[in-house]
Amino acid sequence: MATRIYPSARDRILDAAERLVVSRGVNSLTIEAVITEAQISKGGFFHHFATKDALLTAIIDRLSKRMTDDAAERAARDPEPRGARLRAQIALAFDADKLKTAAPRALLLALIEAAGAQPEIARHICTLNAEAFARDVVEDISEGRAIAIQLALDGFWFSQALGTTALTERQMQALRDALLALAQPEAGAGRPPGRRRASKKGGRT
């Protein structure tokens, strides 16, 4: 079996940490275990990550980047640029099992567990979500719809990871179509409600 070549020691540490999270759970993740799994020195670990929370935050950021890169590639093929990344995110949520970069369900559950137990991790995820909402609003997706879609996707991921909701193919397609319909841009949806009302009455924006 060929030995994997890592572009950096940081990636080696992150890969080792992901394997441990999936196999043992986030509560069993220790710096010592990561050092052993990654076959790296303690100094090498702390050169990249000051704490375990910093390591978990990096795992979340890397997972987010994987999904963002996949979504950007798909969004580039969308003839309507406004909301394209949101629609790509929806499609990827339903096609995740077909993607090489999709996180294992165990990893997603572990990160959810970490967010519930560690306020810093939860705040970091909140920041990522807030940035996504702001991006969607600028692209003429109403804020309410953007939030509703994200919460629906979170619930979908969670139910799929736990296996608590068994949807038929028809139901999965119906949910996907409904979310994609909500992710269509509306002219002026990115403007505050007060400014939209003013434009209707006085013709100003």
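Biologist: Which residues have the most contacts inside the largest nonpolar core?

Modeller: The model is predicted. Its largest nonpolar core has 33 residues. Those with the most contacts inside this core are Leu29, Val34, Phe45 and Leu55.

Biologist: Which helix gives the most to this core?

Modeller: Two or more residues come from each of helix 1 (9-24), helix 2 (31-38), helix 4, helix 5 and helix 6. The greatest contribution to this core is 9 residues, and it comes from helix 4.

Biologist: With which residues is Phe45 in contact, leaving aside its neighbours within four places in sequence?

Modeller: Phe45 is among the residues with the most contacts inside the largest core. Once neighbours within four places in sequence are left aside, the residues in contact with Phe45 are Ile13, Ile31, Val34, Ile35, Ile40 and Leu55.

Biologist: How many residues does the second, separate core have?

Modeller: Leu86, Leu153, Phe156 and Leu179 are included in this second core, which is separate. Its number of residues is 12.

Biologist: Is Gln39 buried or exposed?

Modeller: Gln39 is placed in the loop between helix 2 and helix 3 (42-48). Its phi is near 55°, a positive value in a residue other than glycine. Most residues other than glycine have a negative phi. Because its relative accessibility is 64% and the cut-off is over 50%, Gln39 counts as exposed.

Biologist: And is Asp140 buried or exposed?

Modeller: Asp140 lies in the loop between helix 7 and helix 8. Asp140 also has a positive phi, near 70°. Because its relative accessibility is 16% and the cut-off is under 20%, Asp140 counts as buried.

Biologist: Which residues are the closest to the centre of the largest pocket?

Modeller: The largest pocket holds about 1,000 Å³ of space. Of the 27 residues that line this pocket, the closest to its centre are Ser64, Gln89, Asn129, Gln150 and Asp154.

Biologist: Which helix gives the most to the lining of the largest pocket?

Modeller: At least two lining residues are supplied by each of helix 4 (52-75), helix 5 (84-95), helix 6 (105-117), helix 7 (119-138) and helix 8 (143-162). By class, the lining has 18 nonpolar, 5 polar and 4 charged residues. The helix that gives the most, with 7 residues, is helix 4.

Biologist: How far apart are the C-alpha atoms of Ala178 and Ile149?

Modeller: Ala178 lies in helix 9 (residues 169-182), and at 40% relative accessibility Ala178 counts as partly exposed. Along the chain, Ala178 and Ile149 are 29 residues apart. The separation of their C-alpha atoms is 9.7 Å.

Biologist: What percentage of the residues of the protein count as buried?

Modeller: The protein has 10 helices and 0 strands. Among its contacts with a separation of 6 or more, 67% join residues 24 or more positions apart. Of its 205 residues, the part that counts as buried is 38%.

Technical notes. Residues numbered from 1 in each chain as written. Predicted model: local features only at pLDDT ≥ 70, side-chain atom pairs only at ≥ 80, totals over all residues. Heavy atoms only, no water. 1 Å grid on protein atoms, 1.4 Å probe; cavity = no way out; pocket = protein on both sides within 12 Å on 5 of 7 lines; lining within 4 Å. Points joined across faces, edges and corners; volume = space filled by probe spheres on them. Helix = DSSP H or I, 4+ residues; strand = E, 2+ residues; numbered from the N terminus. Nonpolar A, V, L, I, M, F, W, Y, C, P; charged D, E, K, R; others polar. Core = buried A, V, L, I, M, F, W, Y, C linked by side-chain atoms within 4.5 Å. Buried < 20%, exposed > 50% of the residue type's maximum accessible area, 1.4 Å probe, protein only. Contact = heavy atoms within 4.5 Å.
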